[in-house]
Amino acid sequence: MAAQTRISRPTPALARAQAGWIAGIDPWRMLGYRPAALGRYLARKAGTRSVWIARAVGGAAPSGVVVADDGFLLGGFIALLAVRPEASGQGVGRALVERVAAEVFGTRRWLFVSCDGNNHAALRFYRKLGFSRVGRLPDLVRPGNVEILLRRSSAPPPIPARAQGAKIPAGAARVGYHRGRS
């Protein structure tokens, strides 16, 4: 579970070493990513402190990797998120995204990610984490494919209309949201 996951910044060598398993899983396998090129990318990004790895407490091998860039449309951008298949569904991806969000929202308003429009599992995952679709990017990664651009705000979510008119029992504490601009 995510509570048993430690997230840290890897050395460039450790980041590079993750390329083999990442290139062997979809969507990177389907897109033809090669371990050597992906390894150089991960090492370069680790050198700029843009990479985090997740590792089960007491585990030897990293169970997930995220690369996040700063300064994308007034926010941060998750450029790569990969979780080992055997760690899927254990909260590793969520923990990595939340780590990035904590970092980004310290100085920025938005966190963006894109994923293949046919990757329904990834779209559901990001929606569960509070991301909303903001655009389509045809032919961005591969001709004929559409990437979906998703965005998450640092502001608290708005109160649903049905909850705004709800009666609060006498004596209950009232808590409200303030939706400011950043």
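These questions and answers go through a predicted model of one chain.

Reader: What is the average pLDDT of the chain, and where is confidence lowest and highest?
Author: Of the residues, 84% score at least 70. Helix α6 (residues 161-164) has the lowest confidence, with a mean of 53, while helix α1 (residues 12-17) has the highest, at 95. The average over the chain is a pLDDT of 82.

Reader: Over which residues does pLDDT stay under 50, and how many contacts beyond four places in sequence does the model have for them?
Author: The residues in question are 168-182. For them, the contacts beyond four places in sequence number eight.

Reader: How many aromatic pairs does the structure hold, and which residues do they link into a cluster?
Author: There are two aromatic pairs. In one of them, Phe 125 and Tyr 126 have ring centres 5.1 Å apart and planes at 70°, which is edge-to-face. In the pair of Tyr 126 and Phe 131, the centres are 5.5 Å apart and the planes stand at 75°, so this pair is edge-to-face. The cluster linked by ring pairs is Phe 125, Tyr 126 and Phe 131.

Reader: Is Phe 125 buried or partly exposed?
Author: Buried means under 20% relative accessible area, and exposed means over 50%. Phe 125 has a relative accessible area of 25%, so Phe 125 is partly exposed.

Reader: Are Tyr 126 and Phe 131 buried or exposed?
Author: The limit for buried is under 20% relative accessible area. Tyr 126 has 6%, and Phe 131 has 3%. Tyr 126 is therefore buried, and Phe 131 also counts as buried.

Reader: Which residues of helix α5 are buried, and why do they line one face of the helix?
Author: Helix α5 covers residues 120-128. An α-helix has 3.6 residues a turn, so residues three or four places apart point the same way. Viewed down the axis of α5, the buried residues lie within an arc of 100°, and so they line one face. These residues are Ala 122, Leu 123 and Tyr 126.

Reader: What do the buried residues of α5 pack against?
Author: The partners include one helix, α4 (92-104). The strands among them are β4 (75-83), β5 (110-116) and β7 (146-153).

Reader: Which residues touch the most other members of the largest nonpolar core?
Author: This core has 23 residues. At least two residues each come from β2 (51-56), β3 (64-72), β4, α4, β5, α5 and β7, and the largest share, six residues, is from α4. The members that touch the most others are Ile 78, Val 100, Tyr 126, Phe 131 and Leu 150.

Reader: Which residues is Phe 131 in contact with, leaving aside neighbours within four places in sequence?
Author: Two of the contacts are with arginines, Arg 151 and Arg 152.

Reader: Over which ring does the charged end of Arg 151 sit?
Author: The charged end of Arg 151 is 3.9 Å from the centre of that ring. The ring belongs to Trp 110.

Reader: Where does Gly 64 lie, and is this residue buried or exposed?
Author: Gly 64 belongs to strand β3. With a relative accessibility of 0%, Gly 64 counts as buried.

How values were computed:
Residues are numbered from 1 along each chain as its sequence is written. This is a predicted model: local features need pLDDT of at least 70, side-chain atom pairs count only at pLDDT 80 or more; totals for chains, interfaces and linings use all residues. Side-chain values use heavy atoms; hydrogens and water are left out. Rings of Phe, Tyr and Trp (its six-membered ring) pair if their centres lie within 6.5 Å; planes under 30 degrees apart count as stacked, over 60 as edge-to-face and the rest as tilted. Buried means under 20% relative accessible area, exposed over 50%, partly exposed in between (1.4 Å probe, protein chains only). A charge sits over a ring if NZ of Lys or CZ of Arg is within 6 Å of the ring centre and within 35 degrees of the ring normal. Helices (H or I, at least four residues) and strands (E, at least two) are DSSP runs, numbered from the N terminus. The arc is that of the directions from the helix axis to the C-beta atoms. Contact means heavy atoms within 4.5 Å. pLDDT is the predictor's confidence in each residue, from 0 to 100. A nonpolar core is a set of buried Ala, Val, Leu, Ile, Met, Phe, Trp, Tyr and Cys residues joined through side-chain atoms within 4.5 Å.
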